[in-house]
Amino acid sequence: MLMAAHFPSMQISDADDYLERTFQSPASVKAANLIRDTVIDAGKFDGSLGIISSISALKVLKMTNRLVKLRRPVEVVAFSDEEGVRFQTTFLGSAAIAGVLPVSVLQINDKSGVTVQAALKENSIKTTEENLLQLKYDPESVWGYVEVHIEQGPVLENVGLPLGLVKGIAGQTRLKVTVRGSQGHAGTVPMNMRQDPMAAAAELIVLLESLCKQPEDYLSHDSQCQASEVKSLAGSLVCTVGEISTWPSASNVIPGQVTFTVDLRTIDDMGREAILHELFNRMQHICDRRSVLCTIERKHDAKAVVCDHELSSQLKSAAYAAVNRITGEYAFDVPVLMSGAGHDAMAMAHLTKVGMLFVRCRGGISHSPAENVLDDDVWASSMAVLAFLETLLSHYNQHLPSFNHPL
């Protein structure tokens, strides 16, 4: 069974005033004897909580002489660069282990022109296309993968509970939308003669927001999208415009081109395709009406991941047992949540069955120094991992594989 995570130290950073350790940077290499973090201006729980929980649980098993009773190894694996901050490509470590990392990734550049391959070589890691393929684990050797992660959302805090079970991870599509119009002087082109890509882009963005807030108002119940899919979308669809740029960018010029990005996520892959189909059609209609040219590029696609039923049942029982053991009360229930954020479990699902637990975090804040988890909730997450392993010891000792826990 596999468990992967990160264990950063706030004292090791590429920046003086905040935590920053990107893939293969000097600080990340220095921290390698611990575990690496991959977010700029990061918090100390996103990435670190899972490894602490895993190691703590294994330490208890060792201290009580039960670790040796495991018939198969439990692995705690530190995955590199789940976020894709430096090279803008996600899941570098987990995708390599899962065997789904394309060899072309080695030639991707960061903003300074350094390739992934060069960054590895600089730190005495010689990676070629041949040995990259050799990193893949044998699927027959891995029984399952478990990940413990902060929720990165407000649900658990709102319901007042420390742990939640993850039923699945949303699929994701990233788009790059380019709108081209006619550049002109801000003061001399009459309003009724303008082909303004900025105004068109604004209408496109509002369309995106409306469609994602009320998908049932836009999608018909036909072969393109069934009623059940529309209902699923209404509960899980989120859409975001994260970047926008204009050219030329000047206060007295009508821009000639506007580019913006779209991040669209939902647990329903078929519904996601239906939304994209509707979005493309309506965007083109707006652009035609405004006499501007629109180009929509799909830059990234990831299918949704549904967590394994058996693992989820065991993790839910473990979370219940952990909190009851800590509080001495039996009124606790384990909420079932969907993850809108991507996790290494998405890559690992190509290799083996996966399961996840979420841990409550204050305000749902993540990727920020303000990120915070209560000490009792850290304890609860460790106790849940311990309870999960204890269950495997008592009921599945004959078939226990390695345990990988990514964060």
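Serine 182, leaving aside its neighbours within four places in sequence, is in contact with Gln195, Ile254 and Pro255. This residue sits in the loop between strands S5 and S6 (184-185), in a model that is predicted. From here we can move on to the sheet, the helices and the disulfides.

**Around serine 182**
- The side chain of serine 182 makes a polar contact with the side chain of glutamine 195, at 2.8 Å.
- Serine 182 has a relative accessibility of 31%, so it counts as partly exposed.
- Although serine 182 and glutamine 257 are 75 residues apart along the chain, their C-alpha atoms are separated by 8.1 Å.

**The four-stranded sheet**
- Reading across the open sheet, you meet its four strands in the order S7-S9-S5-S10, with antiparallel pairing.
- Strands S7 (238-247) and S10 (293-302) each have a single partner strand, so they stand at the edges and one side of each is left without a neighbour in the sheet.
- On average, neighbouring strands of this sheet are turned by 15 degrees against each other, direction ignored.
- Nine bridges connect S5 (residues 171-180) with S10 in the antiparallel sense.
- Within strand S10, cysteine 294 is the residue that valine 179 stands opposite.

**Helices lying across the strands**
- Helix H7 (residues 197-213) lies across S5, S7, S9 (257-266) and S10, and runs at about 10 degrees to S9.
- Helix H9 (residues 269-289) lies across S5, S9 and S10, and its angle to S10 is about 165 degrees.

**Disulfides**
- Cysteine 212 has a relative accessible area of 10%, so it is buried.
- Cysteine 287 and cysteine 294 also form a disulfide, with their sulfur atoms 1.6 Å apart.
- The torsion about the S-S bond of cysteine 287 and cysteine 294 is about -60 degrees, so this disulfide is left-handed.
- Both cysteine 287 and cysteine 294 are buried.

**Two further cysteines**
- Cysteine 307 is buried, its relative accessible area being 9%.
- Cysteine 361 counts as buried too, at 1% relative accessibility.

Conventions
Residues are numbered from 1 along each chain as its sequence is written. This is a predicted model: local features need pLDDT of at least 70, side-chain atom pairs count only at pLDDT 80 or more; totals for chains, interfaces and linings use all residues. Side-chain values use heavy atoms; hydrogens and water are left out. Two strands pair if DSSP finds at least two bridges between them. Helices (H or I, at least four residues) and strands (E, at least two) are DSSP runs, numbered from the N terminus. Axes are lines fitted to C-alpha atoms, for helices over the stretch in contact, and angles run from 0 to 180 degrees between N-to-C directions. Contact means heavy atoms within 4.5 Å. Buried means under 20% relative accessible area, exposed over 50%, partly exposed in between (1.4 Å probe, protein chains only). A polar contact is a pair of N or O atoms within 3.5 Å; within protein, one must be able to donate a hydrogen and the other to accept it, and residues adjacent in sequence count only if both atoms are side-chain atoms. A disulfide is a pair of cysteine sulfur atoms within 2.5 Å.
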